Amino acid sequence: QVQLVESGGGLVQAGDSLRLSCAASGRTVINYHMGWFRQAPGKEREFVAAINWSFGSTSVADSVKGRFTISRDNAKNTVYLQMNNLKPEDTAVYYCAADAVVVPIANARYWGQGTQVTVSS
């Protein structure tokens, strides 16, 4: 079992930055990948970014490429989502997910409770 706890959301203005954190506990996340998804009201959940815990390789959605960066801190068992130049369309609940690398991240078994990000224009 893996427990995921997100933090760092909030209300910001367009152009501002936020850093989301997702702390993992319960078991080692070696051979796992972790990712961020978001869901805006009335919309489907959307992939944002993912990182391979062991190798550090990343993937980022085209919609946020160049503005969002995913990273990890092995010592803290934490993954981060640095969000720069935020836009109102980035407003959503952001969720952290994790599972073994053999499981597509969209089908991950472990999810956090979500953190709200609201960007005002």
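Which residue forms a salt bridge with aspartate 90, and how far apart are the closest N and O atoms? The partner is arginine 67, and the closest N and O atoms are 2.7 Å apart. The views below start from this pair. The model is predicted, so local features need pLDDT of at least 70 and side-chain atom pairs count only at pLDDT 80 or more, while totals for chains, interfaces and linings use all residues. Residues are numbered from 1 along each chain as its sequence is written, and side-chain values use heavy atoms, with hydrogens and water left out.

**View 1. Aspartate 90 and arginine 67 form a salt bridge.** Here a salt bridge is a side-chain nitrogen of Lys or Arg within 4 Å of a carboxyl oxygen of Asp or Glu. Aspartate 90 sits in the loop between β8 (78-83) and β9 (92-100), and arginine 67 in the loop between β6 (58-60) and β7 (68-73), so the pair ties together parts that are 23 residues apart in sequence. Strands (E, at least two residues) and helices (H or I, at least four) are DSSP runs, numbered from the N terminus. Both partners are buried, a label for under 20% relative accessible area, with exposed meaning over 50% and partly exposed in between (1.4 Å probe, protein chains only). For aspartate 90 the relative accessibility is 0%. Beyond residues up to four places away in sequence, aspartate 90 touches Arg38, Val64, Arg67, Phe68, Asn85, Val117 and Val119; contact means heavy atoms within 4.5 Å.

**View 2. Arg38, Glu46, Arg67 and Asp90 are linked in a network of salt bridges.** Within this group, the side chains of glutamate 46 and arginine 38 meet at 2.8 Å, N to O. Glutamate 46 is partly exposed, at 31% relative accessible area, whereas arginine 38 is buried at 7% relative accessibility. A search of the whole structure finds five salt bridges.

**View 3. Arginine 109 pairs with aspartate 99 in a salt bridge.** The closest N and O atoms lie 2.7 Å apart. Arginine 109 belongs to the loop between β9 and β10 (110-111) and aspartate 99 to strand β9, so the pair ties together parts that are ten residues apart in sequence.

**View 4. The largest nonpolar core has 32 residues.** Such a core is a set of buried Ala, Val, Leu, Ile, Met, Phe, Trp, Tyr and Cys residues joined through side-chain atoms within 4.5 Å. The members that touch the most other members are Leu4, Met34, Trp36, Val79, Leu81, Met83 and Tyr94. Two or more residues each come from β3 (18-25), β4 (32-39), β5 (46-52), β7, β8, β9 and β11 (115-120). The largest share, five residues, is from β9. In soluble globular proteins, nonpolar side chains tend to be buried together. Setting aside neighbours within four places in sequence, valine 79 has contacts that include Leu20, Cys22, Met34, Trp36, Ile51, Ile70 and Cys96.

**View 5. Asparagine 77 and asparagine 85 have positive phi values.** Asparagine 77, in the loop between β7 and β8, has phi near 55 degrees. For asparagine 85, in the loop between β8 and β9, phi is near 45 degrees. Asparagine 85 is partly exposed, at 43% relative accessibility.
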